Amino acid sequence: MWRSLRPLGRSAASGGYRRYAWTDADADCRLWFRMQAEARRLDVETDRNGNQWAWLGDPTAGDAVVTGSHLDSVPDGGAFDGPLGVVSSFAALDELRARGVSFKRPLAIVNFGDEEGARFGLACVGSRLTAGRLTKEQAYELRDADGISLPQAMEAAGYDPDAIGPDPERLARIGAFVELHVEQGRALDLSGDAIGIASSIWPHGRWRYDFAGEANHAGTTRLVDRRDPMLTYAETVLAARREAELAGAVATFGKIAVEPNGVNAIPSLVRGWLDARAADQDALDAVVAGVETAARDYADRHGIDLTVVRESFTPVVDFSHALRDELSRILGDAAASTDGTTGPSGKVPVLGTGAGHDAGILSESIPTAMLFVRNPTGVSHSPAEFAAEDDCLAGVRALADVLEELACR
């Protein structure tokens with residue numbers, strides 16, 4: 001499975017992946033998902049929001065156990081973020097069939113669409129629409145860098161944009177959703193554990209900063225006569241780092257657009273996107289407020305007009321305590337039965353994460369939980385993203401143990 005998926009949407013130049021929503025690469029990944037599902041005699045459907053579902057058992061029976069993740073990527077992303085969860089879900093089903101278990105509840109593997117938000121700037125579009133966290137009207141306003149709207153992109157890919165919207169009936173048929181994901185950090189590597197369980201997702205959001213100045217000639221305009229928004233932007237980037245350090249949080253300006261974007265031209269507009277995350281809401285509020293205060297101070301001093309727009313926000317997500325405790329019990333029992341432990345502690349570590357996931361979006365609607373697989377480098381959203389084969393196989397076994405307990409007993 002890994003070998004067949006690996007080439008899809010991969011950039012020869014960077015070695016990373018460009019699997020953006022409703023593109024040819026996305027279509028290739030969707031076909032791959034369908035072929036894997038059909039090879040396992042699963043019933044495949046695509047819901048109104050473009051999410052793919054592969055069902056074992058009756059989808060309408062209710063109390064279904066669902067696993068899976070996503071196949072799209074950030075710009076030049078790594079091979080594991082998202083795909084590891086989908087590949088591991090199919091592999092876990094293979095493992096359960098090899099064990100000869102009987103399923104008492106329907107089981108589904110899902111590929112959520114546009115989780116990364118790389119094309120339209122909003123993460124988890126497929127799950128947000130399904131859970132009613134994004135309205136049809138809001139979705140229709142989303143546009144990519146070329147001005148193509150979400151409905152236009154869906155229609156060009158052969159899907160009906162008029163059908164998108166909340167899907168409460170589907171969610172009502174799901175009893176539990178468990179998402180496996182490569183860890184985006186080094187907590188497991190530092191603790192010596194191959195597998196972890198998520199406790200919560202930090203509150204996080206994206207803010208767009210528009211710094212408007214005055215375009216002019218880079219070679220003939222005196223420094224004192226300039227209204228250069230790039231200076232204010234640069235100072236704001238440094239302020240974000242300082243505020244994050246003070247709050248024990250993280251803040252990043254990772255995307256920028258410049259007009260007119262000429263080497264010999266002072267910019268008229270610099271647009272930067274702030275990603276900020278913290279362990280609790282108070283810390284996040286302090287970072288965001290501190291960055292904006294500093295930016296406005298710099299803008300006033302340099303004669304720059306500043307507009308700040310919050311484009312997305314997700315409050316802290318506490319995963320279902322009951323389901324989380326159930327996963328801890330299942331994996332603890334599995335480790336004990338094999339006369340081994342999950343790591344030096346003998347327990348499955350429970351850890352928070354600063355990354356958003358579809359499981360977090362769905363947590364308000366259905367019981368959700370997450371498993372993490374060790375990432376020895378801690379690198380994510382990069383071609384250097386990695387997980388060792390032994391750890392990936394440990395993740396498959398852990399997911400199979402969880403699914404067996406939830407769906408077969």
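**View 1. Gln-52 lies in strand 2 (residues 52-56).** Helices (H or I, at least four residues) and strands (E, at least two) are DSSP runs, numbered from the N terminus. The model is predicted: local features need pLDDT of at least 70, side-chain atom pairs count only at pLDDT 80 or more, and totals for chains, interfaces and linings use all residues. Residues are numbered from 1 along each chain as its sequence is written, and side-chain values use heavy atoms, with hydrogens and water left out. Gln-52 has a relative accessible area of 2% and is buried (under 20% relative accessible area; exposed is over 50% and partly exposed in between, with a 1.4 Å probe and protein chains only). Its side chain reaches the backbone oxygen of Arg-30 at 3.1 Å. Not counting residues up to four places away in sequence, Gln-52 touches Arg-30, Phe-33, Arg-34, Glu-45, Thr-46, Ile-109, Val-110 and Asn-111; contact means heavy atoms within 4.5 Å.

**View 2. Ring pairs link Trp-53, Trp-55, Phe-112 and Phe-177 into a cluster.** Rings of Phe, Tyr and Trp (its six-membered ring) pair if their centres lie within 6.5 Å; planes under 30 degrees apart count as stacked, over 60 as edge-to-face and the rest as tilted. The count by this rule is 12 aromatic pairs. Trp-53 and Trp-55 form a stacked pair, because their ring centres are 6.1 Å apart and their planes stand at 15°. Both Trp-53 and Trp-55 are buried.

**View 3. Phe-80 and Phe-386 form an edge-to-face pair, with ring centres 6.1 Å apart and planes at 75°.** The two residues are 306 apart in the chain, and the pair links distant parts of it. Phe-80 is in the loop between strand 3 (64-70) and helix 3 (83-99), while Phe-386 is in the loop between strand 15 (368-373) and helix 13. Phe-80 is buried at 9% relative accessibility, whereas Phe-386 is partly exposed at 39%.

**View 4. Trp-32 and Leu-371 have the most contacts inside the largest nonpolar core, which has 53 residues.** Such a core is a set of buried Ala, Val, Leu, Ile, Met, Phe, Trp, Tyr and Cys residues joined through side-chain atoms within 4.5 Å. Helix 13 (residues 389-408) gives the most to this core, with 11 residues. Leaving aside neighbours within four places in sequence, the contacts of Leu-371 include Val-178, Leu-180, Ile-195, Ile-197, Leu-327, Leu-331, Ala-398, Leu-399 and Val-402. A second, separate core of 25 residues includes Val-66, Leu-171, Leu-188 and Phe-319.

**View 5. Thr-221 is found in the loop between strand 8 (216-217) and helix 9 (229-247).** Thr-221 is buried, with a relative accessible area of 10%. Its side chain and that of Asn-216 are joined by a polar contact of 3.1 Å (a pair of N or O atoms within 3.5 Å; within protein, one must be able to donate a hydrogen and the other to accept it, and residues adjacent in sequence count only if both atoms are side-chain atoms). Apart from neighbours within four places in sequence, Thr-221 is in contact with Asn-216, Arg-226 and Ile-266.

**View 6. Cys-29 is buried, at 1% relative accessibility.** The closest cysteine sulfur to that of Cys-29 is in Cys-124, 17 Å away, which is too far for a bond. A search of the whole structure finds 0 disulfides, a disulfide being a pair of cysteine sulfur atoms within 2.5 Å. Cys-408 is also buried, at 8% relative accessibility.
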